[in-house]
2 protein chains.
Amino acid sequence: MSTRASRPAVILLSGGLDSTTVLALAQEAGYDAYAMSFNYGQRHVLELERARTVAQAAGVRGHTVVDFDLRAFGGSALTSGIAVPKDRLLDKPEQDIPVTYVPARNTIFLSFALAWAEVLQARDIFIGVNALDYSGYPDCRPEYIRSYELMANLATRAGVEGRHLAIHAPLITLSKAEIIREGLRLGVDYSLTSSCYDPGQDGRPCGHCDSCQLRARGFEEVGVPDPLLQRYGMDS
Amino acid sequence: MSTRASRPAVILLSGGLDSTTVLALAQEAGYDAYAMSFNYGQRHVLELERARTVAQAAGVRGHTVVDFDLRAFGGSALTSGIAVPKDRLLDKPEQDIPVTYVPARNTIFLSFALAWAEVLQARDIFIGVNALDYSGYPDCRPEYIRSYELMANLATRAGVEGRHLAIHAPLITLSKAEIIREGLRLGVDYSLTSSCYDPGQDGRPCGHCDSCQLRARGFEEVGVPDPLLQRYGMDS
């Protein structure tokens with residue numbers, strides 16, 4: 001990407017591999033990064049610690065953690081007592097929407113990002129959704145992101161005043177391996193991130209949920225060890 | 001409206017005049033009403049008490065209050081130290097977006113409603129936005145609502161599975177007087193509601209903010225006294 005004049009952008013940062021890579025890409029493109037994370041009752045709240053560490057390591061301009069509780073609604077393995085599925089086949093990308101889908105989660109996340117962007121007078125929001133590895137979530141598809149962007153431009157002061165607001169999803173057509181290569185090129189320290197839906201108390205990834213399996217497959221394809229597994233002595 | 005088979009709908013309920021009327025309209029149309037309110041750091045938190053009272057009086061099936069804090073972002077008179085404007089002219093509907101605009105508020109509200117609708121398997125969401133009296137908020141316009149609905153159908157399980165999800169804004173073309181007439185027809189008790197942006201400790205409306213002035217003008221046009229003013233002995 002070309003270097004642009006420095007300007008603010010809101011980056012949704014979960015502390016996972018994808019959003020950490022997006023943060024690095026946004027900074028490379030010359031944006032002043034304002035990271036936004038969510039404490040929404042997820043069972044893998046470890047994410048938030050990792051998000052803080054990642055944000056600090058990246059030297060962001062600001063980091064906001066928004067608190068709300070999606071558990072009141074139920075409906076997802078990530079926010080309720082439903083078990084996280086393990087060791088399921090990932091070879092069927094067109095299969096049903098999995099139980100780890102959190103209803104309208106990305107829509108809620110983007111809406112808070114939109115609010116912060118308006119206050120910051122930022123015209124750019126970054127989100128790490130990914131269509132190839134998207135694991136069946138409707139709100140990770142390109143047509144969803146485009147539609148959200150159209151809506152956002154009607155919803156806000158920026159849109160009314162003719163300043164276009166863009167939702168960037170730079171990973172949307174990349175494979176996990178391609179994402180990792182981008183991150184490694186930019187010097188991302190993936191040992192700081194967490195991808196697991198069901199980590200241990202010490203942050204150790206389970207190695208068996210969809211997210212762990214997709215991550216392992218990505219590092220395997222790149223041909224480098226996952227520094228997170230090395231950190232926990234899990235690289236066999 | 002015709003009577004339909006009973007089915008769930010999520011109704012955004014602030015406890016104000018408009019959303020209370022919308023709740024009555026949704027119930028008249030045969031929906032099982034699930035009311036949703038927000039505790040977001042608004043200075044007029046009295047709204048929430050009124051929303052609870054209204055929901056109870058209407059006999060809703062469920063009422064969820066979602067907590068989050070928009071004050072961290074600032075940017076609006078309704079969530080920060082900026083003064084609520086009083087006694088300003090309301091005769092210029094095309095004037096600038098007022099300081100009481102809360103960035104992306106309706107987008108955030110609708111996004112939580114969308115999450116709850118998915119869990120309830122509801123295909124209908126009601127919101128009390130109103131274009132004629134809309135006071136300059138971009139996220140009260142018809143084109144915004146239509147755009148949100150398109151996005152919502154791409155964001156969710158319902159959309160993927162071919163069940164259309166509708167965002168209803170039944171007040172969008174009505175004047176305040178027409179809204180009040182609809183409510184009175186349906187037996188709404190407007191003394192339970194609160195519209196003021198800056199009420200007193202006892203819930204007494206200030207009478208001078210945009211919202212109080214629009215409400216007063218509406219009752220004047222209908223030719224009936226506002227029962228809320230009567231409740232506080234403010235009907236002169």
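**Reading a two-chain predicted model**

From the N terminus on, the elements of chain A run β-α-β-α-β-α-β-α-α-β-α-α-α. This is a predicted model, in which local features need pLDDT of at least 70 and side-chain atom pairs count only at pLDDT 80 or more, while totals for chains, interfaces and linings use all residues. Residues are numbered from 1 along each chain as its sequence is written, and chains are lettered from A in the order in which they are written.

Student: What makes a stretch of chain A count as a helix or a strand, and how many of each are there?
Tutor: Helices are DSSP runs of H or I with at least four residues, and strands are runs of E with at least two, numbered from the N terminus; by that rule chain A has eight helices and five strands.

Student: Why is A24(B) called buried?
Tutor: A residue is buried if 20 or more other C-beta atoms, placed from the backbone, lie within 10 Å of its own; A24(B) has 20 other C-beta atoms within 10 Å, and therefore counts as buried. A24(B) is found in helix α1 (residues 17-28) of chain B.

Student: Which residues does A24(B) contact, leaving aside its neighbours within four places in sequence?
Tutor: Two residues are in contact if their C-beta atoms, placed from the backbone, lie within 7 Å, and beyond those neighbours A24(B) is in contact with A58(B), G183(B), L186(B) and V188(B).

Student: How many residues of chain B are in contact with chain A, and which element gives the largest share?
Tutor: In chain B, 37 residues are in contact with 36 residues of chain A, and the largest share of that side of chain B, nine residues, comes from α3(B).

Key: Buried ≥ 20, exposed ≤ 12 C-beta atoms within 10 Å, placed from the backbone.
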